[in-house]
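Please look over the sequence and the model below. Then read the short report on a pocket, a loop residue and a helix.

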Amino acid sequence: MLIAGNWKMNLMPHEGMMLTHELCMGLSDIPSHVDMLICPPFTHLAQCSLIIENNESQLLIGAQNCHASDQGAFTGEISAPMLASMGMDYVILGHSERRILFNESNDVIARKCHAALKAGLIPIVCIGETLEQRNQGIVNQVVQEQLLSILQHEQIVNHIPAHDIVFAYEPVWAIGTGLAASPEQAEDVHAFIRMQLEEKLGDHASMIDVIYGGSVKPENAKEYFLQPNIDGALIGGASLKAESFLAIAAQA
Ligand code: PEP
């Protein structure tokens, strides 16, 4: 089970450091089959990973984005090899906020995913439909398109059997709204994603974590973790406090 926290553009460095410290302390009470991951803003990564290192903690750390190129004239961007050189484990890619607010297409996300895999990072690729698309009855179609842009990408396919990749099903209408998908709604889409993975990757599909994101809280987390195709959660708001993040992880 993977319990991942997406801090987004929240918390000042000292707050992030305090939270990291609290999570390192709390992790000893979390079952060992649960991997806990934090994804702070870029500016906090060095300090937070130092805290993890100093505490000899198993807490994992990753970034929230990277560029598709390894280097070059891309003012303001950060590359996957830069993140890997800092000891990052994961990188979130294609979050709906990046797709919508920063116009990231499936193609851009696939190129970023390739860059991340090449650098040895584990990409968490976010996919999911808008409310409008759900109302139109095209959830599977949207999710399939997003998924296939990764799975049919020539360079990525060659990387996947040897490297880890995680998919996060995050219905856009459930993110930060308090309107979580029901566990059954989420499981339906997760089962569809698993089927697509099996079609493309055969036996390897069962090794890939597919996690749910969208208004997960301590009060509703357990029901998701009981679903056969849900392997964890990507958590925004509730990952900003050690108490709620640890309470979710304790149920995984
Ligand atoms: C997210 O940002 O990926 C997310 C799931 O946010 P929240 O948990 O706040 O809905």
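Helix α4 (residues 96–101) gives three residues to the lining of the largest pocket, the largest share. The pocket holds about 480 Å³ of space. Of its 20 lining residues, Met9, Gln64, Asn65, Arg98 and Phe102 are closest to its centre. The lining splits by class as follows.

| Class | Lining residues |
|---|---|
| Nonpolar | nine residues |
| Polar | seven residues |

The model is predicted: local features need pLDDT of at least 70 and side-chain atom pairs count only at pLDDT 80 or more, while totals for chains, interfaces and linings use all residues. Residues are numbered from 1 along each chain as its sequence is written, and side-chain values use heavy atoms, without hydrogens and water.

A pocket here is an open set of points on a 1 Å grid where a 1.4 Å probe fits, with protein on both sides within 12 Å along at least five of seven lines; lining residues have an atom within 4 Å of a point.

His153 sits in the loop between α7 (139–151) and α8 (154–159). His153 is buried (under 20% relative accessible area, 1.4 Å probe), at 16%. Leaving out residues up to four places away in sequence, His153 touches Ala110, Arg111, His114 and Leu148; contact means heavy atoms within 4.5 Å.

Helix α9 (residues 183–201) has 19 residues and reaches 26 Å from first C-alpha to last, close to the expected 27 Å. Its buried residues include Glu187, His190 and Arg194. Cover for the buried residues of α9 includes β5 (122–127) and α10 (221–225). Gly202 follows α9, with a positive phi near 60°.

Conventions: Grid points are joined across faces, edges and corners, and a volume is the space filled by probe spheres set on the points. Helices (H or I, at least four residues) and strands (E, at least two) are DSSP runs, numbered from the N terminus. Ala, Val, Leu, Ile, Met, Phe, Trp, Tyr, Cys and Pro count as nonpolar, Asp, Glu, Lys and Arg as charged, and the others, Gly among them, as polar. Buried means under 20% relative accessible area, exposed over 50%, partly exposed in between (1.4 Å probe, protein chains only). The expected span of a helix is 1.5 Å times one less than its number of residues.
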